[in-house]
Amino acid sequence: MSTNVIDLIALKELFKKKFFIPDYQRGYRWTKQQVVDLLEDLNEFDQEPPEKQMFYCMQPLVVKEKREGEQTWYEVVDGQQRLTTFYLLLKALEEDSPTELFEIKYQRMPKLLESFFQDDCKNDTSTIDRYYLSNAYQAIQSWLDDEKRSRLRELLYAYDPRSNGDDEETKDYAHNVRFIWYETQEPDPIKVFTRLNIGKISLTNAELIKALLLNQKNFSECGDERAIRLRQQEVASEWDYIERVLQKPDFWLFLNNIGYTHPTRIDFILDLIAEENPFDVNKEDIGSDHYKTFRYFYAYFKKADDCSSSKIEKCWAKVQEYYRTFVEWYEDLELYHYVGYLLACGEKQRDLLKIWRESKDKNDFLTRLKGIVYKKVSAYGLDFQYNTDGSDKAKSKSILLFHNIQTAINRNQRETEKYNMGVMYRFPFHLYKLESWDVEHINSSTDNDLADEAARKEWLVNVYLMASDEDQERIRKYFEKTSEEEKQDIFDEVKKSFPEPECPLPEKSTQLGRCY
């Protein structure tokens, strides 16, 4: 199984390489403003103290290895604008003492950069390619002064400032510029280019981390080549299965709200892991940009505490642990409804995960969830005046949502006991979020005298979690009594705690009043 290669490499490591820009790409087209923006960003970063152990991270440089006789060339699939800009910057920095840099050859104009740096061509704008190269180079020269020139030389040429050599043992450099090096094994690089550039779908953290996990060198301790391929295929297959499950709307929108923008959804689990930091990575080193999650996992794999294959197993076990927890929440009907309600009302997944880990067992977790639900519903309150101006709409919506949730739970429990078999009524969180259900049909004049015994029982069960300790005791006694007179007295006492006129009840036909 051929796998993509992923790494973080310093700019100076590119100096030994040869790059080829195929003709399916446009030429160099960065404007002066784009060039200056990069220079200003580098300058601002370089003024951070080196002891912070940070590095400036460029977006992925996506390449495909090509053999040409004895030489190895890398076809640049994505990142040629950034790569060319750094080439121009390095040339500007080294005018007085030229250094051998990396080589860039354009398929359409193989000698473009070579001829551009002849003395009489730097201001040549006779072609569109030379026009942009000339403008970019002039912008660099105008921006540089002696101080910036000196600082940028140190930054761009740096390995680890603490090391005296560039052997493999000391390549965990700190204050420098690094590229995310992504070497694709896709037979047709044009397909990759089309997705990344025409479709404007950038490489996701998930794709980069998957390449990191499946990198063959990380399996060196797994045995022979056949065993390595088998384990790679297992991880890849499990990864794809998790992604497929997360793509299901009912499962995804049970855990998340609408508006998620990543094309892959396993990023959700990877982001949670990076945020909670179970691998004890120094998070000051990973930055805060779009690719911080990838750099978190990269930093973990670079730690010297375990062998690579052991880290893969620990990392993949952690991803599966999160996934299986979410599946367990989804499949247990009581957990599904209480967790789904809390997430819909703004609770964070990481906070519920923390409670899950701290709980002794599932029942303890369920008890804690009910406590949170009780506090949340109590905070919304049932004693507010419903204002027609909409100021209490959010409170009403949350209470009506809880009514539906608890009704579904009660119905499951009641019919399971009645028929001695599992009955699966699920509130459709995915429809609730996709359709933006709202409080539209509250009718303050609805007649809700609850004269029906079945209606009274359902009402008492629905208000149980919101009731005081005394009322909860009364409700329990109601279900134990056989005398209609005693039941009436108990019901009347409980009803006093939930006055009707100031809190109109929803009609059963409302959108939020439907039970599933």
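**Helix packing and a covered strand**

Val35, Leu38, Leu39 and Leu42 in helix 1 meet Thr85, Phe86 and Leu89 in helix 2, where contact means heavy atoms within 4.5 Å. Helices (H or I, at least four residues) and strands (E, at least two) are DSSP runs, numbered from the N terminus. The model is predicted, so local features need pLDDT of at least 70 and side-chain atom pairs count only at pLDDT 80 or more, while totals for chains, interfaces and linings use all residues. Residues are numbered from 1 along each chain as its sequence is written, and side-chain values use heavy atoms, with hydrogens and water left out.

Two packed helices are described by the angle between their axes and the distance between the axes. For helix 1 (residues 32-46) and helix 2 (residues 80-93), the axes come within 11 Å and cross at roughly 70 degrees; axes are lines fitted to C-alpha atoms, for helices over the stretch in contact, and angles run from 0 to 180 degrees between N-to-C directions. The two helices are therefore roughly perpendicular to each other, a label given to angles of 65 to 115 degrees.

Turning to strand 6 (residues 177-183), 7 of its 7 residues are buried, that is, under 20% relative accessible area with a 1.4 Å probe, protein chains only. Val177, Phe179, Trp181 and Glu183 point one way, and Arg178, Ile180 and Tyr182 the other. Strand 1 (residues 5-10) runs antiparallel to strand 6 and is joined to it by 6 bridges; here Ile9 has Phe179 as its bridge partner. Strand 3 (residues 56-68) runs parallel to strand 6, also with 6 bridges, and Val63 is partnered with Glu183. Strands pair if DSSP finds at least two bridges between them.

Notes
Buried < 20%, exposed > 50% of the residue type's maximum accessible area, 1.4 Å probe, protein only. Parallel < 35°, antiparallel > 145°, perpendicular 65-115°, else oblique.
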